[in-house]
Amino acid sequence: MQRHLLFGAALIMCLASPIFATQPIVKDGKSDWVVVSPKNASPTELLAAQELARYLNQMSGIRFKTVETVPANGHALIVIQYDKTREMGLNVLLPHELDECSFMADGKNIWITGATEGATLHAVYMFLDALGCRFLAPQFAFYRESAEVVPHLRDIAGPESSDCRDSMLKFRKIYVEEGHSHTHENLAQIVEWMPKVGYNTLVVPTNYQGHDRVKWDSFRERVAPECQKRGITIEVGGHGYQNFLSAEMEDGKLFTQHAEWFAVDANGKRQKGQNWVFNTSNADAVKYLIDNFIRYIKTHPEIQIYDFWPPDGAKWCECDDCKKLGTPSDRQAILLARVKEALSDVRPDLRLEMIAYSSYLDPPEHVKVDKSVLVDFCPINQQFDQQINDPGATKNKNYADALIAWRKAFEGDVSIYSYYRKYAWDSLPVVIPHYMQRDLQWYAKAPVQGISTYAEPGDWFTYELNHYVLAQLAWNPDVDVDVLIKKFCEARYGASAAKAASVLTTLEEITRNTSSIPNSALKSAKTIDDDLARARKLEEIRNDAKDATDPFAKRALERLALMCEYLRRDLEIQKLRASNGKPEELRAKAIELLDFTRSHANDGVFLVKDQRLSNNRINKRYGIPSN
């Protein structure tokens, strides 16, 4: 693709290359620069200009004005969407369909632009990143104003230009999913952070698992406006046919009145459990479901993508008419096509998403999925001790084969529902920046068009490097990950950055291979003992925390030490398991581990809220028999 070469300047990557100090924006604490947001700017473009002015003010102590026109005398930082640049006299190449964004100098002014409103906002944060700002995490309360770093400078030199940053993946998603620790406020903080690093889609359940616990309607009033003014796509839905047709509807009478609408098992018995898919061969049942969905979507115009998925752990109807419809993948695709047709007169703009998962992982055998549908591909049992495309990993090979089959059968967009922060890890420090890169480099060749990750505030610190690096990999899977880690650690850990980076790299080597995460085989006692010795060594980072004088770095090092201690405690139990330790020994160690995590419930390291980390979960994780 052509780049902005007409300027004749050396183009630089904003994330990893040096700044060329061609235009002093601030000199000796003074500036004649203004921020320009044209009169016809959208709310998102205006926010982008205001954010630029706000951060420049924090950096320099100078109040940067936001004006509508370029001053005759002086210099301007012009924040504008690409397709409006020509109106203001800049002759640039127009972007292609992805989220291109860049900044460039014309000798007097600096233009900060993006292909879309959201990309324009992200371009501003790219520019600020190039000036030394670091947007490490959302502004959660436990960070105590250390979620991002804004340097204080008397001199600020504007870069000459940036290479045009072009996203490899058009869908870069943050999932709320189980929502154990989300509130209205911290979800709004996540939304505020997303464009700072490049995420562009927020995904919230309609009603998670039908349990009335995590619902879009609970967050909608607070969060929807925050998404809209940042150009963030609102995606809602998830596992949930049961949200529009279930036996509990009509005051529990629906099953009695219309038993034929519900599934039958292999013995011909009607089933009304929520994990049973209803009788999708019954036209009246399908109409009932679609009518309820249409009513919902009419009252939720803010939703741009809807995930119309079967229930989690779906069991499919065994009646003859349903079997005639084909495989579970066929049945899902047929139902989705009917929903899509019904939407055509009501919300033709709404994009529907289906899921490739579990018994319906493979593409349909007899149905062609419309290319306007978005497919979320879910390698839920991925083995993290081997890469997704490693043919030697049986489970991973099944996913790789299925994804290749989708790419052969389906012309539309496929997004990966990743598990790079997994609930079943129970907050273990599975820090995997290099692993994610190797996965995404393979995904890019498939190709796929999206990536996602879960994001719980409760243990965000444990996975903050994953979240930060994944956002960069979604734009460029070949970015230098070691440079990213160095950059992150310098901002997060200060003088102990190099040691912290070494600790995080060692965690990547140990945790995904030897700890108690699902789908990784229990290693030998010798292997575990070797890694246990390394884990104990990692805990020495606590000494750096004691010696640190910077309070922000001190707290970060203390949290990193907690991550290391959790790994060490986990490996001690793993060693007992590998050595055939007695149940009472295992149980005692597990209780100690559980007490340890609960004693640090509010540090942003362990997700213990809603009893996510419980006695039953810990015992199941380590195979400890009940008393």
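**Ground rules.** I number residues from 1 along each chain as its sequence is written. Because this is a predicted model, I take local features only at pLDDT of at least 70 and side-chain atom pairs only at pLDDT 80 or more, while totals for chains, interfaces and linings use all residues, and side-chain values use heavy atoms, without hydrogens and water.

**Strand β10.** I looked up residues 171–175. Helices (H or I, at least four residues) and strands (E, at least two) are DSSP runs, numbered from the N terminus. Five of the five residues of β10 are buried, so the strand is largely enclosed by the rest of the structure. Buried means under 20% relative accessible area, exposed over 50%, partly exposed in between (1.4 Å probe, protein chains only). Phe171, Lys173 and Tyr175 lie on one side, Arg172 and Ile174 on the other.

I then checked its partners. Strands pair if DSSP finds at least two bridges between them. β10 runs parallel to β17 (residues 450–454), with five bridges. Lys173 stands opposite Ser452 there. β10 also runs parallel to β11 (residues 201–205), with three bridges. Tyr175 stands opposite Val203 in β11. From β10 the chain crosses through helix α3 (residues 184–197) to β11, and this β-α-β crossover is right-handed. That means clockwise from the first strand over the helix to the second, with the strands pointing away from the viewer.

**Helix α13.** I traced residues 497–514. The helix has 18 residues and reaches 25 Å from first C-alpha to last, close to the expected 26 Å. The expected span is 1.5 Å times one less than the number of residues. α13 bends by about 25° at Leu507. The bend is the angle between axes fitted to the seven residues ending there and the seven starting there. Its buried residues include Ala497, Leu504 and Arg512. They pack against helices including α10 (433–445) and α16 (551–578).

**Core.** Which residues touch the most other members of the largest nonpolar core? I found Leu202 and Tyr306, out of 193 residues. Such a core is a set of buried Ala, Val, Leu, Ile, Met, Phe, Trp, Tyr and Cys residues joined through side-chain atoms within 4.5 Å. Apart from it lies another core, of seven residues, among them Val36 and Met104.

**Arg492.** Is Arg492 buried or exposed? It has 4% relative accessibility, so it counts as buried. Arg492 sits in helix α12. Leaving aside neighbours within four places in sequence, its contacts (heavy atoms within 4.5 Å) include Leu136, Tyr143, Glu464 and Phe552.
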